[in-house]
Amino acid sequence: MAIRQLSETLINQIAAGEVIERPASAAKELIENALDAGATRIEIATAGGGKALLRVSDNGSGMDATDLELAVRRHCTSKISETLEDIRTLGFRGEALPSIGSVARLSIASRRRDSTGGHEIAVTGGKIAHMRPAAANPGTIVEVRDLFFATPARLKFLKTEKAEAGAITEIVKRMAIAFPAVRFVLSGSDRTTLEFPATGDDHLARMAQVLGKEFRDNAIALDAVREEISLTGFAGVPTFNRGNSAHQYAFVNGRPVQDKLILSAIRGAYAETIPSGRYPVAVLSITLDPALVDVNVHPAKSDVRFRHPGLVRGLIVGAIREALARDGSRAATTGASDMLRSFRPGFQPNSQRPQGGWSAETSPSRPFQPTTGFGERPQASFDGLSMPTARAEPQLSPQPAAPEPNARYPLGAARAQIHANYIVAQTEDGLVIVDQHAAHERLVFEAMRKALHSKRLASQVLLIPEIIDIPEEDCDRLMQHAAELSELGLAIERFGPGAIAVRETPAMLGEVDAHGLIRQLADEIAEWDTASGLSAKLEYVAATMACHGSVRSGRRLRPEEMNALLREMEVTPGSGQCNHGRPTYIELKLSDIERLFGRS
């Protein structure tokens with residue numbers, strides 16, 4: 001078959017398959033053009049999920065007749081000249097408008113701010129109509145109707161109207177976060193109106209509009225620089241997490257991207273602080289020399305390639321971990337809200353007259369007898385303990401030292417232990433409830449992690465070695481890493497084909513369930529053992545050991561032990577969540593308690 005030149009219309013349709021994958025892709029390209037034109041107000045209207053109608057109106061610089069005629073032709077752009085080394089705009093390829101015009105009914109009306117009149121041009125299935133004068137306000141209105149009518153095969157692969165409308169909403173949200181000084185309005189017959197008023201330079205206010213007001217209360221500011229690459233933004237505290245990664249936003253030189261390197265760095269930064277299957281909330285903005293990043297990787301411009309990927313990843317991981325160590329131990333404010341919603345009345349007033357005469361047990365005016373909590377008989381055993389004083393200093397000795405003047409203890413003083421697992425402490429403006437096992441697990445893990453970078457952990461020799469029967473292949477895996485386990489204070493030896501002898505355990509763990517620990521370590525090594533060896537995952541092993549050696553649920557603690565635990569939590573990074581990412585405490589403000597009783 002002879003080679004022949006493809007028609008311009010077919011070329012544009014092929015390009016449209018790469019640039020315009022769905023209505024959301026078209027919306028993204030049109031919004032980028034509006035932002036590049038300097039718009040401060042952008043309005044998007046849709047119908048049929050963007051398939052029937054997509055209209056983007058802006059108050060940008062607009063175009064004259066000459067620019068308008070070139071805008072609908074391929075590879076015509078005002079944003080680059082002869083090089084791709086210095087791209088400072090969102091768009092630059094000159095393919096979006098001709099690609100849309102080749103598969104839809106496209107019309108563009110535009111007027112420059114210094115012009116007395118505007119012009120309009122239309123493209124239908126790749127055919128360009130004649131230019132004509134049009135009444136228009138300064139700026140541009142781009143209207144796309146019947147998307148993919150010229151390529152029915154592509155139309156069949158689109159999702160439902162609701163799904164396509166949702167994808168456009170996500171595009172608008174990302175653009176809104178990136179440009180807080182621009183007002184965005186999204187409306188249409190297929191949705192409720194969504195409006196993001198301009199917030200100027202207050203990026204956090206715009207993020208609260210998009211991510212919810214809870215994000216403002218649970219966000220930690222990021223500001224780091226490494227070798228002329230800067231990172232700003234906000235990272236949510238670990239206990240403020242979501243069920244998917246849709247609440248992670250990344251921007252490179254103001255461009256919204258969905259880059260695997262950045263998402264992987266976020267995941268690594270929150271390692272051991274987020275529960276399995278949960279995802280942190282973060283908004284990251286990376287600024288660097290345009291020559292150090294390639295944005296021309298894909299026609300959709302959502303992927304980028306960094307010249308120094310390791311440097312960028314290290315910057316993200318280091319900045320987030322530093323922020324979490326500085327301010328990430330606090331509990332998420334949503335924990336108190338969840339607690340308030342969980343409260344239910346302990347009894348229902350009985351308006352009916354009791355049968356068989358009056359009795360204290362059936363009287364509607366009988367004293368309140370709750371069915372759970374402090375009314376339980378086991379709580380009476382707490383009466384024999386000396387209650388903690390109002391002072392919140394640790395009481396580790398019979399005569400504790402006087403507290404420092406003006407000392408502040410965020411977690412307050414222990415007041416009670418309920419169900420032999422939860423510590424209730426009074427703070428200056430409320431109370432906290434601490435999960436003693438989860439909290440102590442984190443403290444032990446942080447101590448082990450710190451010791452890993454200094455010297456071998458101290459161990460205690462067992463008078464009688466514990467012999468643990470496990471499959472032979474698990475024995476082989478454990479013995480391959482016996483040296484690394486020894487650094488953590490766990491000394492093991494082979495005891496026949498299918499058994500392991502435990503001779504020493506880490507001293508800081510105290511009494512350890514050696515059988516459970518060895519079996520869990522064997523399972524974990526079998527799951528992720530690679531050529532890198534266990535040495536690259538010692539922290540995961542430390543986390544496992546910490547779980548097995550922490551204060552167990554069901555153990556009664558003395559008041560001085562509870563206070564000592566609170567004081568250690570206050571000075572330990574990451575103590576707001578355990579190694580599995582679950583919260584270690586929940587804070588309830590006095591105003592929340594008063595609201596429960598209708599006093600506010």
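The model is predicted. Its largest nonpolar core has 91 residues, and a second, separate core has 17. Helix α7 is mostly covered, and helices α2 and α4 cross at roughly 140°.

**Nonpolar cores**

- Within the largest core, the residues that touch the most other members are Ile42, Phe184, Phe215, Ile262 and Ile316.
- Helix α10, which spans residues 309-327, gives this core its largest share, nine residues.
- Isoleucine 316 is in contact with Leu231, Ile262, Ala265, Ile266, Leu284 and Ile286, leaving aside its neighbours within four places in sequence.
- The second core, of 17 residues, is separate and includes Leu478, Leu490, Val502 and Leu517.

**Crossing of α2 and α4**

- Two packed helices are described by the angle between their axes and by the distance between those axes.
- Helix α2 covers residues 23-36 and helix α4 covers residues 96-103; their axes come within 10 Å.
- The angle between these axes is roughly 140°, whereas roughly antiparallel would require an angle over 145 degrees; α2 and α4 are therefore oblique to each other.
- The crossing of α2 and α4 is left-handed.
- On the α2 side, the residues that meet α4 are Ala26, Glu29, Leu30 and Asn33.
- Their partners in α4 are Ala96, Leu97 and Ile100.

**Helix α7 and its ends**

- Helix α7 runs over residues 203-211, and seven of its nine residues are buried.
- The buried residues of α7 are Leu204, Ala205, Arg206, Met207, Ala208, Val210 and Leu211.
- The N-terminal end of α7 is capped by aspartate 202, with a side-chain oxygen 3.4 Å from the backbone nitrogen of leucine 204.

**Glutamate 164**

- Glutamate 164 is part of helix α6, which spans residues 161-178.
- The relative accessibility of glutamate 164 is 1%; buried means under 20%, so glutamate 164 counts as buried.
- Leaving aside neighbours within four places in sequence, glutamate 164 is in contact with Arg22, Pro23, Gly49, Leu158 and Lys159.
- Glutamate 164 and glycine 50 are 6.9 Å apart in space, C-alpha to C-alpha, and 114 residues apart in sequence.

Technical notes: Residues are numbered from 1 along each chain as its sequence is written. This is a predicted model: local features need pLDDT of at least 70, side-chain atom pairs count only at pLDDT 80 or more; totals for chains, interfaces and linings use all residues. Side-chain values use heavy atoms; hydrogens and water are left out. Buried means under 20% relative accessible area, exposed over 50%, partly exposed in between (1.4 Å probe, protein chains only). Helices (H or I, at least four residues) and strands (E, at least two) are DSSP runs, numbered from the N terminus. A polar contact is a pair of N or O atoms within 3.5 Å; within protein, one must be able to donate a hydrogen and the other to accept it, and residues adjacent in sequence count only if both atoms are side-chain atoms. Contact means heavy atoms within 4.5 Å. A nonpolar core is a set of buried Ala, Val, Leu, Ile, Met, Phe, Trp, Tyr and Cys residues joined through side-chain atoms within 4.5 Å. Axes are lines fitted to C-alpha atoms, for helices over the stretch in contact, and angles run from 0 to 180 degrees between N-to-C directions. Angles under 35 degrees count as roughly parallel, over 145 as roughly antiparallel, 65 to 115 as roughly perpendicular and the rest as oblique. A crossing is left-handed if the near helix is turned anticlockwise from the far one by less than a right angle, and right-handed if clockwise.
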